[in-house]
Amino acid sequence: MSEPAPESPGEDLKQPDPRWHIRVRGLTKHFGDNFVLDHLDYDAERGKVNVIIGASGAGKSVLIKHMMCLLRPDSGSIWVDGTDVFSLDSHELAEFRRRFGLVFQFAALFDSLTVEENCAFPLREHTKKNKEEIRAIVKDKLAALGLDGTQRKYPGELSGGMRKRVGLARALVLDPEILIFDEPTTGLDPLATRNVDEMILETAARYKVTSVVISHDMASVFRIADRISMIHQRKILASGTVDEMLANRDPYVYEFIRASGVAAAGAGAA
Amino acid sequence: MAEAPEDETTFGHAVWIGVKDAFHPVVSFVDVLGGHVILAGRALSWLPRRPARAANYLEASDYIGFGSLPIVLLVGAFTGMVMSLQSVYAFRTFNLESYAGGVTAKALSLELSPVLTALMLAGRAGAGIATELGTMRITEQIDALESMAVNPIQYLVLPRIVAAMIVGPILSLLAFIIGMGGAYFVAVVIQNIDHGQYVANIKSILTLSDVIQGVIKSAVFGFVVILIGCYQGYHATGGGRGVGLGTTRAVVFASVSVLVLDYFLSDLLLSLMGTPK
């Protein structure tokens, strides 16, 4: 088992690291009396699918919202390629966020816009491309995800799986370096779940992005993860590859994985 | 043996709890008021900054202005009519019914048009905006905006409050005009007041200052009503029930704020630009 990358005294977080793309150090956050994260350290590996698992309410979503600076911590820092994200001013932060694509749990598509308008939204906001160029990019991204032909539909007319794929297409139009998925398979049937898993893997392979995926669907986790980290009691309890996590004998990790009932299959797949 | 827990039923502690509970509404009020001021400040600080997104302003103006026009005109017309009817009957006691026009015009321009327009905006546009933004908040659409490096306050709140400050006075003026039409119809056509005397009294009693005061009030009311709607929606929590509660609060807070603000604003405007004696 490999523990979370420690904050060694000589660690220079201001220098981009060839292996680690996102580095979280000492992140602490509480809401009222509820301590969610407590001096949490975490590293996401560049170009890999990094999955964060943990019980409901463990703080997974809070952690990824900090990565994009959608939440501010009580203390701690997050470094992306040597940049401390919490030190950025509003203008720098806007630029910084363009490096990320966030796929929300329920897609968070704008109800009043069509699929095409949803996907075109970031391009209209952040580029000077004309309508034809934008339409071509959107068509390309939608086609890559098997959604060509849905351009004129509204989100309410789509199935859950299609909405998630549209959410991914919207996240991809600005060619982000880092893609974050917030529980991408929650509420989907097994076939749709497998399709979303394949979509995550294909996206990671095709666009060479660093993916951070939150999930507690262990079947899905074993299919897609290059690296798994578990949050428990406000900290990262364990991190490692699928094999390392399966071999982990920490009682909570062992119980969490075995309780899913897919450990054997996962081990086989791994 | 486990140590006994610290006794919390001391007299001092009970007094402290009592004082805290007694002042809780005050603290909550100041907290909410401060939240509104901060939201307004953050929104207005985006006004000179690009991108301007003219389409968002037009869309907000369309929703708040054109969308509210039928109900505002209906309310304006019937308010003018009933005000005229009551004035004619009241002044008839002293054979002064031709003064009904001037009194109705003064009341409509200074108070009834701005206040009733604001109340209609609170019930329709304020509630609608609270629901829309609240739904966007709980379905993470506002987070999505932020994740796409679009400031949600600049994108969602600023166009709505600016639009309300512009279309609020226009709606109020239209309510005043149609209200005066209704008042004229009731007084001159139904109650047989002399047209010449009726119009002459309006001209002698109503001043430009009255209309301007009404316009200023409408701009302030529009700003307050839509700001409250935006605040309640933007800070909605707790799923569908939370959105519903936010919408209710938006209507109640906005209506009460308009009526309370009306007194202080009237006092200020009358002292600054009231009709000279």
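Which residues does Val215(B) touch, not counting residues up to four places away in sequence? That was my opening question today, and I kept in mind that this is a predicted model.

**Entry 1: Val215(B) and its neighbours**

I found Val215(B) in helix 8 of chain B, which covers residues 208-234. Leaving aside residues up to four places away in sequence, I saw that Val215(B) touches Pro169(B), Ser172(B) and Leu173(B). Is Val215(B) buried, exposed or partly exposed? I counted 19 C-beta neighbours inside 10 Å, so Val215(B) goes down as partly exposed. The cut-off for buried is 20 or more.

**Entry 2: helix 2 against helix 6 in chain B**

Helix 2 of chain B spans residues 54-64 and helix 6 of chain B spans residues 152-190; their axes come within 8 Å and cross at roughly 55 degrees. I therefore noted helix 2 of chain B and helix 6 of chain B as oblique to each other. The crossing of helix 2 of chain B past helix 6 of chain B is right-handed.

Which residues make the contact? From helix 2 of chain B I listed Asn56(B), Tyr57(B), Ala60(B), Ser61(B) and Ile64(B). From helix 6 of chain B I listed Tyr155(B), Pro159(B), Arg160(B), Val162(B), Ala163(B), Ala164(B), Ile166(B) and Val167(B). Sorting the residues of this contact gave me 10 nonpolar, two polar and one charged.

I checked the loop between helix 1 (11-45) and helix 2 of chain B, where Pro51(B) lies. The peptide bond from Arg50(B) to Pro51(B) is cis, and I read omega near -5 degrees.

**Entry 3: chain B as a whole**

Stepping back, I counted nine helices and zero strands in chain B. Read from the N terminus, the elements run α-α-α-α-α-α-α-α-α. How does the radius of gyration of chain B stand against that of a compact globule of 277 residues? The globule would be near 19 Å, but chain B has 24 Å. Along the principal axes, I noted that the C-alpha atoms of chain B fill a box of roughly 95 × 55 × 35 Å. Of the 277 residues of chain B, 42% count as buried. Among contacts in chain B with a separation of 6 or more, 90% come from residues 24 or more positions apart.

**Entry 4: where the chains meet**

**Entry 5: positive phi in chain A**

Ala108(A) is not a glycine, yet I found a positive phi of about 55 degrees. Ala108(A) sits in the loop between strand 6 (100-103) and helix 3 (115-126) of chain A. It has 24 other C-beta atoms within 10 Å, so I marked Ala108(A) as buried.

Glu183(A), not a glycine either, has a positive phi of about 45 degrees. I located Glu183(A) in the loop between strand 7 (178-182) and helix 6 (190-207) of chain A. With 19 C-beta neighbours inside 10 Å, Glu183(A) counts as partly exposed.

Methods: Residues numbered from 1 in each chain as written. Chains lettered and ligands numbered in written order. Predicted model: local features only at pLDDT ≥ 70, side-chain atom pairs only at ≥ 80, totals over all residues. Helix = DSSP H or I, 4+ residues; strand = E, 2+ residues; numbered from the N terminus. Rg over C-alpha atoms; globule rule 2.2 N^0.38 Å. Buried ≥ 20, exposed ≤ 12 C-beta atoms within 10 Å, placed from the backbone. Contact = placed C-beta atoms within 7 Å. Axes fitted to C-alpha atoms, helices over the stretch in contact; angles between N-to-C directions. Parallel < 35°, antiparallel > 145°, perpendicular 65-115°, else oblique. Left-handed = near helix turned anticlockwise from the far one by under 90°. Nonpolar A, V, L, I, M, F, W, Y, C, P; charged D, E, K, R; others polar.
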